[in-house]
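Student: I would like to learn how to read a model like this one. Please show me the structure, and let us go feature by feature.

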Protein chains: 2
Amino acid sequence: MNYCSACAAPVELRIPEGDNLPRHVCGSCNTIHYTNPKIVVGCIPEWQDTILMCRRAIEPRYGFWTLPAGFLEDHETTIEGAARETREEALADVEISELYTLINLPQINQVYVMFRGSLRERQFGPGEESLEVRLCREEDVPWDQIAFPVVDQTLKLYFRDRRRGRFGTYAGDITRPADKWKDYQVRFLNGAGG
Amino acid sequence: MNYCSACAAPVELRIPEGDNLPRHVCGSCNTIHYTNPKIVVGCIPEWQDTILMCRRAIEPRYGFWTLPAGFLEDHETTIEGAARETREEALADVEISELYTLINLPQINQVYVMFRGSLRERQFGPGEESLEVRLCREEDVPWDQIAFPVVDQTLKLYFRDRRRGRFGTYAGDITRPADKWKDYQVRFLNGAGG
């Protein structure tokens, strides 16, 4: 951020009075420009003993498998956003049923909010951001081609819960050194996951 | 938003190619300026059969009672943010234990993420944004002086769960017509709450 979006004057990075973190402050109109982490919303769309997965048609991780998810829009609820992303990426109509995981990704300034949902009918297909969309049983999940650790962790919890016949809700963090794909660390509250 | 924060040229509101919502787009450098809902994080700080509540020293709702909560900062996890807000507003050291409520407030473009937490010691006091901080049993909660519906709903679920001896995790929406304080509607997934 270089300029004030209200008045076009240059901004400076400084700690405003009564605050304790540096912010972009306009030198002319004194507007403080706060920035905050973004929410990514998505879901695990369920159909009988399968879930719907999407193969990415966009970077990052082109060609890898994921769950429908994307940035929450202004004035949208996380529940609406999760259903919208499922429509857009998998051309599927889902009823969101439960909150499943809330996972912080502080390095990239995102908070993932993933729900469970039920497909209203067995109808789906690749949206613009997907190469392919497929119903997967646990044994069909392409575990070595999952796009992101947050998806991998959510799916591992999900199938463990399904085997034991009881679903929880999990909150935790995935942290990793910059650019070290394999070296990420996972920590859930109360020792859930692994 | 009037001007581009990257280059100071005027922005226009239009739907970028391949998108389906209007965004602020720079007429000069073509930067798309996305905006998104903000996350508010907080907790219910527990001490034996009481919880810690704060009386607000700031607007909105000066003088009304709330739980420690505030905007999540860049590169902070929701768990860290909830503990930080408790330190700042109640001068108390809390260990975050479980995710409790995720509540969408689409009218004001916020998502509240509230945890349960345990005070590490019986020590607290009013931070700069609080007039007063107090340990409350259920019967001590000033129900007619609660600052926000999201706090009221979270506390109602909490004491119901505590009475029945089992805590869940709840996701839902609070919606209301602009400026109609009393007319809000509450809807949780799976019919939780009330």
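Student: Which side chain does Glu138(B) meet in a salt bridge?

Tutor: First, the ground rules. This is a predicted model, where local features need pLDDT of at least 70, side-chain atom pairs count only at pLDDT 80 or more, and totals for chains, interfaces and linings use all residues. Residues are numbered from 1 along each chain as its sequence is written, chains are lettered from A and ligands numbered from 1 in the order in which they are written, and side-chain values use heavy atoms, with hydrogens and water left out. Now the idea: a salt bridge is a side-chain nitrogen of Lys or Arg within 4 Å of a carboxyl oxygen of Asp or Glu. Glu138(B) meets Arg163(B), at 2.9 Å from N to O. The pair links distant parts of the chain, 25 residues apart. Glu138(B) lies in the loop between strand 10 (130-136) and helix 2 of chain B, and Arg163(B) lies in helix 2 of chain B. Helices (H or I, at least four residues) and strands (E, at least two) are DSSP runs, numbered from the N terminus.

Student: How does Asp161(B) compare, and what does its side chain meet?

Tutor: Asp161(B) and Arg160(B) form a salt bridge, 3.2 Å from N to O. Asp161(B) has 0% relative accessibility and therefore counts as buried. Arg160(B), at 28%, counts as partly exposed. Salt bridges can also share partners: Glu76(A), Arg84(A), Glu85(A) and Glu88(A) are joined into one network that way.

Student: How many salt bridges are there over all chains?

Tutor: The search of the whole structure finds 36. One of them pairs Glu12(A) with Arg14(A), at 2.8 Å from N to O. Glu12(A) is partly exposed at 39%. Arg14(A) is partly exposed at 34%.

Student: How many salt bridges does the rule find across the interface of chain A and chain B?

Tutor: Two. Glu73(B) and Arg23(A) also meet in a salt bridge, 2.7 Å from N to O. For the interface as a whole, start with contact, meaning heavy atoms within 4.5 Å. Here 45 residues of chain A are in contact with 46 residues of chain B. Next comes buried area, the accessible area (1.4 Å probe) that two parts lose on being put together, summed over both. Between chain A and chain B it is about 3,900 Å², and carbon and sulfur atoms give 53% of that.

Student: Now aromatics. How many aromatic pairs does the structure hold?

Tutor: Rings of Phe, Tyr and Trp (its six-membered ring) pair if their centres lie within 6.5 Å; planes under 30 degrees apart count as stacked, over 60 as edge-to-face and the rest as tilted. The structure holds 14 such pairs over all chains. Among them is Tyr100(B) with Tyr158(B), edge-to-face, 6.1 Å centre to centre and 85° between the planes. Tyr100(B) sits in strand 8 (residues 94-105) and Tyr158(B) in helix 2 (residues 149-164) of chain B, 58 residues apart. Both of these tyrosines are buried.

Student: Where is Tyr170(B), which also pairs with Tyr100(B)?

Tutor: Tyr170(B) is in strand 11 (residues 170-175) of chain B, 70 residues from Tyr100(B). Their rings are edge-to-face, 5.6 Å centre to centre, with 85° between the planes. Tyr170(B) is buried as well.

Student: Which ring does the charged end of Arg116(B) sit over?

Tutor: A charge sits over a ring if NZ of Lys or CZ of Arg is within 6 Å of the ring centre and within 35 degrees of the ring normal. For Arg116(B) the ring is that of Phe167(B), 3.9 Å from its centre. In chain A, Arg61(A) sits over Phe64(A), 3.7 Å from the ring centre.

How values were computed: Buried < 20%, exposed > 50% of the residue type's maximum accessible area, 1.4 Å probe, protein only.
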